[in-house]
Structures are given as C-alpha cells and as structure tokens.
Amino acid sequence: MAAANNTPSLPDHMQPAYVDRILKPLESRISELLDEFCPSSQGAERLNDIKKLVVNYVVLQILTQTFDPNLCVTPRPKDLAHAEAWVENYCHDSSIHLGGEPPQITGLAGHGKEFYSTLTHIIADIVPALNSQALSSRYYGFVTGGVHPVAQAADNVVTALDQNVQVHLPTTHSISTVVEHHALSMLRSLLALDGFQGKTFTTGATASNIMGLACGREAVISARLPDYAKTGGVGELGLVGACMAAGVREVQILTSKGHSSLYKAASVVGLGRAVVKIWGFPDTPWVLDLKAVERELKREGVASLIVVSAGEVNTGQFGTSGNAMKELRKLADRYKAWIHVDGAFGIFARALPKVDRFAKLRERTAGLELADSIAADGHKLLNVPYDNGIFLCSKPEVMSQVFQNPNAAYLAPVASTSRSGTDTEIQSPLHVGLENSRRFRALPVYALLLHLGRENMGEMLARMVDLAREIAAFIRDSDKYELLPDETGADIECTHIIVLFKAKNPDLNEVLVEKINETRRMYVSATKWNGENAVRIAVGSWKVDVEEDFKAVKSVLNSL
Ligand SMILES: Cc1ncc(COP(=O)(O)O)c(C=O)c1O
C-alpha cells in the first residue's frame, strides 16, 4: 500500500502505517478465529458474511475511537481544511500517495485505489474532520442524539447484511419485517400510543411530517366526497380532481410555531407553504389558540389539518396539554379535520419516569394519543443512528389509501397476522410508507429497546432532562446570561431538553455562539428569539453525565 510521507501532525493511531500494522493482521486473526469457532453447518458463504461483519465492526470501532470526546467536540479548522483539500483532489487520482501536499485534480481515476489505501485515507484525512456528535455528551447543536453502543452494533449488522425491508415474506425470505413490526410495537408501548395500528419507519421526522400531511389531506377531502366508496379519494383522483368533486375550495394547515419541515411537507404534498397558518398566543407563541382554530375550522368549503407542535424546536415547549387535546379532538371530529402531531423529540417526554419533577411535562404531553397521526425521530433522543424516523397513524386504512404501491406482481402484497395479537396484520412496508426499497432501520431500535427496556430508557431520557434543567437554572441565576423564553416565568419544571438563552451584554450576545463553539469543548446552535440572537442548547445523548457535563458547560459559560 501507499504509505509514504506520513502527515506529521496526525496522532499515531491515524498514521497510514497503522492500517498495515494493526488492521491487516487483525483481519487475518479474526478470520482464523472464525474458521475455528463458527459451526461448519453455516457453510462457506455464510461464514464469509459473518467474517465481513466482524471485520467491519472492528474497523468501525477503531474509526470511532480516533476521537477523544473530552478534548474536542468539533474538528480543528486545520483538519477541516486538510480534509477538504484532499477530498477535492485525492479522489480524482489513484496514483497519488498519501500524506504531504494534496495532489492536483486530474479527473476520476481510471483505476481505483487499493482497499487499504482507501481505508487509510478515510481514517487519516476524513475522520479528523468529522465532529464527535455521536461520541460526546457535550454536542448540543440542532437536536441530535448520539448512538447507543447496542444500536451501533445492530446497525453494523444492518449494513453488513443489507436487507431490503419492503415486502413481508417472513417464511421464505427474511424475518426483517417481523422485527420491524415488533420494534415499532415496543416503541408504541414505550410512548403509551398502543392504539396506533398504522406504523412505519421513515428517514426522519421531515418524512414523517410529509406522511402526516399526506394522510390528513386524503382523510379530510375524502370525508367531503359524495361518492367516495366508488371514486376513491386524493390517491385515486389527485388533489385537484378530489377537491373539485368534494366542493373543497381550500385546504389549510393550522399550527403554532410549526417546525420549518412542516412548510416543506406542505409544499411536497401539493398544499403549499402559504396554507400554513400560525395560531399561537402573543405571549406564548408555541401554545395553540383553540378559539382561533375553531374560527378557522368553521369556514365554509375549507378542509383543515391541525398540526400540534409537541416540542417546539427553539424552546422545547409544547403546543397543547391534556385538556387542550381533548378539546381539539372534539373540534376535529365536529369539523372533519385531521390532527397530526410533530413530536420529533418532544414525544419522548411521555417515556420519562413517572416522578413529580416531570409532572408538568407529563401534563404537556397528555392527550397526544388522541391525534390521528404522529411524527417522531429515532435518530434524536432514542439514540439510534441517522436515518431513523417513525410515523404512527391511528387510521391505518388511510395510510394504505395514500401509500399503496399497486400493479407490481413481483411485489405482491402479503400480509400475515401478527402473533402478538396487538395488530390484525403485518403489512408489507412498501404499501404503507413513502419508499419501496428501504434500509433495515428497525434493527437498532429493536436492539436498543430490548436492551434497555422501559426503566432504563426512562433513566436515559431523565438524565437528558436533568442536565438541561441544571443548565437552565444556572443561566436563570446568572448575572451574565438571560434564560429564554421569558414567558415561561423561568419555570425550570417546564424545561424538557432544550435551553434557550442570550447574553445580557449585547456585544457578547452578538458573538456568543461563535465564542462558545470556538472552545470546542461544547457545541451549540444559533437561533433568533423575538428578533434577537439567541443560543440553543439541545441535550440528546445517551452519554449524558449530569454532574460532569454541567461542570464543563458552566466552566465554558463562565469563561466568556
Ligand atoms: C420539531 C421538529 N420537527 C421536525 C424536525 C425534522 O426532523 P428531521 O431532521 O429528522 O427530518 C425537527 C428537527 O430538528 C424537529 O425538531
């Protein structure tokens, strides 16, 4: 392999020679061990698969150990620049040796690079330029989770065996759809949403919001179609045809502080971003104003979807509470509206331990089981790898009306009764979701829920909330910073996993996010609140250590 001109600044474990010294012997040793221990009945091909899987796992472990999360949450600027120069150039010329100056672009190489050179390039050049979001409990940007080790191990199996989870063929093809069914059933149980018979994995909450609006659109227009049983709804007639036949002149989406992905979803399903109407209160803009909603619902010739923000992205606050959801359900039934909940991260407040300090969060998330559909994210608080979203629907027949994949004999729908008896049947995922071919997203979720169970899941989520509250209380009591939003009256018991704040000094506030992130000891996101710059801390890692992490955050904030 090409190992000349090692980059001197790289630590030993990232030097190209490391691959030769460690990985190659490791691979042959694993190979020997497997030859020795794997039952011969597995057959040579199967053995090879397992070998590949183990090698992949070991390589992955080595790659992810190249960070020291205590030292850096984000890469050094020089590592980013180095990686960029190499990525832009190296991939175009396979004759280039590693290390030294980046080569000049020569176009796509005719002959590829040797396996270990490629891997070395990944370890030495790319890995140091990635952030340690999954490895550090002090990465507080956006809303992300980490990756729990058991989910990581399962995800490695997903990649190695690369199942295509689209058709339910449990007796002849793969058990993956059955695993998916059980992973989603366990998740429903964790969130106390057992009534949601329609369920599937998606790529993330954006996709789940698209599904929610697509189902809502189908249901509210179909409910106004005089001859629905004969004609079918939007899925058959299209949006324009169905609206005309139903006498619907407008479809509107009513929400309070909806996430930006809601506007994208509105565009994708053909309703349009402009139909999203915000009905919050001036002092608590995240709370849905039910009186205003009712006024909108009454409009003649207008069909409505209501989107509840269960976890607003800037504040973590909730759009409804138990009583409001009961009232909303009545309104939705009266006016033939659909209730979709965007609970990307907020829905997980329902899985917190039932203790006094979480009573307010319990109240805020009560009643969400009355919704028609719910979007959630696996790759956030659940701590499984990206791309993992969840869509739940209490009206599974609507999912089939929208997402069925008809007229493909080789993808014939096969549904079988689930043994658990909680659902009438297991559907082929391609008939109830956006995608046909799809990744085995269920396995990391299955592994995690199996491993942690209800109690330990609750404990993991509680640590996140406890850390967010420690930070919120520190900011509330600080001379330098101000806890936002003011409207909560700085009630720490309303804090879920997001802490929003600003510096009291406008000059510091202007550069606060930059200054915090420059320390590389924690990472935060910038946002705006009431037109001013603000900082968001979103806690989401399984690794949270309340005491240690709080100490680190306090020390960074005190140092600025
Ligand atoms: C409330 C809410 N909804 C939707 C999304 C979009 O989720 P994803 O990026 O997984 O598609 C997010 C992402 O942060 C969110 O916070």
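1. A residue is called buried if 20 or more other C-beta atoms lie within 10 Å of its own, exposed if 12 or fewer, and partly exposed in between, with C-beta atoms placed from the backbone. Lysine 380 has 26 C-beta neighbours inside 10 Å, so lysine 380 counts as buried.

2. This is a predicted model: local features need pLDDT of at least 70, side-chain atom pairs count only at pLDDT 80 or more, and totals for chains, interfaces and linings use all residues. Residues are numbered from 1 along each chain as its sequence is written.

3. Lysine 380 sits in the loop between β6 (373-377) and β7 (389-393). Strands here are DSSP runs of E, at least two residues, and helices are runs of H or I, at least four, numbered from the N terminus. Contact means C-beta atoms, placed from the backbone, within 7 Å. Neighbours within four places in sequence aside, lysine 380 contacts Val143, Thr144, Gly145, Ala344, Phe345 and Gly540.

4. The unreviewed UniProt entry puts "modified residue: N6-(pyridoxal phosphate)lysine" at Lys380. Such annotations may be inferred rather than shown by experiment.

5. Further along, four strands make an open antiparallel sheet, ordered β8-β9-β11-β10. Its edges are β8 (481-484) and β10 (525-529), each pairing on one side only. Pairing takes at least two DSSP bridges between two strands. β8 and β9 (residues 498-503) are antiparallel, with four bridges. Glutamate 482 has lysine 502 of β9 as its bridge partner.

6. Helix α16 (residues 506-518) lies across β9, β10 and β11 (532-538), at about 30 degrees to β11. Axes are lines fitted to C-alpha atoms, for helices over the stretch in contact, and angles run from 0 to 180 degrees between N-to-C directions.

Methods: Two residues are in contact if their C-beta atoms, placed from the backbone, lie within 7 Å.
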